[in-house]
Amino acid sequence: MVRVLARAASMMLPALGLACSPTRPPAVEPPPAVSSAPSPAEDPSPPVMPRAPVSTAGCPFRWTPHEIGASVLRLPAAYAGRFMNPLYDVACACVRPGEHVYMVARIVPERGTIEAVTADRNDLTTRADPSIDACFAAVLGATTFEPFEVGSDVVCPEEPPPTKGPPFFRPPRPANCTARGQQTSKIIYPLVVDRRGEAPSSSAEGS
C-alpha cells in the first residue's frame, strides 16, 4: 500500500511541473522590478527657503567705532569698521525682532570679503538656522569692503637672485611662504545678536 502511494505521487509530480530533470534547469523567477521612485523614508529633504532681508532702517544695532584686538592682533577703529558695519547691517536685515542668534563671521581683510553663518549655543533656544544662513549669504555675497593688510608673523626671506648653474645653496624658506602681496589672513569673529527685547513688527514679513 505504501509502495502504490509512492508510485502515484511520482507520477503526479511531472504533471504538476515540480519534478527536477537533469536536462532542464529549474525555472528561476526574475527579481521584481526596482522602482525608481524613492521610498517615503528616502524622500529628499525640501530645499531651504531663505528668508528675505528687510530694511535696516530703524534697527537699533549700530556699531560704535572702537579698536578691536586680541592677544596678537590690534585693529584701529577705522579698519575694524570696514567689516563690522556690514556685519551689523546683515544682522539687522536677516535677524528678526524677538530672535536670539549666534553668528560666526569669517573675514579676509586682504580680499575685502566677509561671510557669516549661524551656529548652535549651549542654550536650547539658540540654534543654527539654514534660512538665516541663506539670508546672510544673499546679503554678504554682494558685499565687499576696502581691503587692508593685516600682516604675518611668518618671516619670508627674499628670493635669491637667479644664478647660473645648479643652486648649490639656498637659504631655508618656510613652507607656507607665499609671494609678497599674496598673503591673506582670516579673522573669525563671533557675534551674539539678541533681539528678544524688541516687539515683532510688520518689517518681519517674509520670514
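At what angle do the axes of α2 and α3 cross, and within what distance do they come?

**View 1. Crossing of helices α2 and α3 in the predicted model.** The two axes come within 10 Å and cross at roughly 130°. Helices α2 and α3 are therefore oblique to each other, and their crossing is right-handed. On the α2 side, the contact is made by Pro86, Val90, Ala93 and Cys94. Helix α3 contributes Ile132, Cys135, Phe136, Val139 and Leu140.

**View 2. Course of helix α2, residues 77–94.** The helix has 18 residues and spans 25 Å from its first C-alpha to its last. This reach is close to the 26 Å expected at 1.5 Å a residue. A kink of about 35° is located at Phe83, shortly before the proline Pro86.

**View 3. Buried residues of α2 and the elements that surround them.** Among the buried residues of the helix are Ala80, Gly81, Phe83, Met84, Pro86, Leu87 and Tyr88. Val90, Ala91, Cys92, Ala93 and Cys94 are buried as well. The strands against which the buried residues of α2 pack are β1 (68–69), β2 (74–75), β3 (100–108), β4 (113–118) and β5 (187–194). Helix α3 (130–140) is also one of their packing partners.

View 4. With a relative accessible area of 38%, Ala52 is partly exposed. The C-alpha atoms of Ala52 and Ala134 are separated by 9.0 Å, although these residues lie 82 residues apart along the chain.

Methods: Residues numbered from 1 in each chain as written. Predicted model: local features only at pLDDT ≥ 70, side-chain atom pairs only at ≥ 80, totals over all residues. Heavy atoms only, no water. Helix = DSSP H or I, 4+ residues; strand = E, 2+ residues; numbered from the N terminus. Expected span 1.5 Å × (residues − 1). Bend = angle between axes of the 7 residues up to and from the residue. Buried < 20%, exposed > 50% of the residue type's maximum accessible area, 1.4 Å probe, protein only. Contact = heavy atoms within 4.5 Å. Axes fitted to C-alpha atoms, helices over the stretch in contact; angles between N-to-C directions. Parallel < 35°, antiparallel > 145°, perpendicular 65-115°, else oblique. Left-handed = near helix turned anticlockwise from the far one by under 90°.
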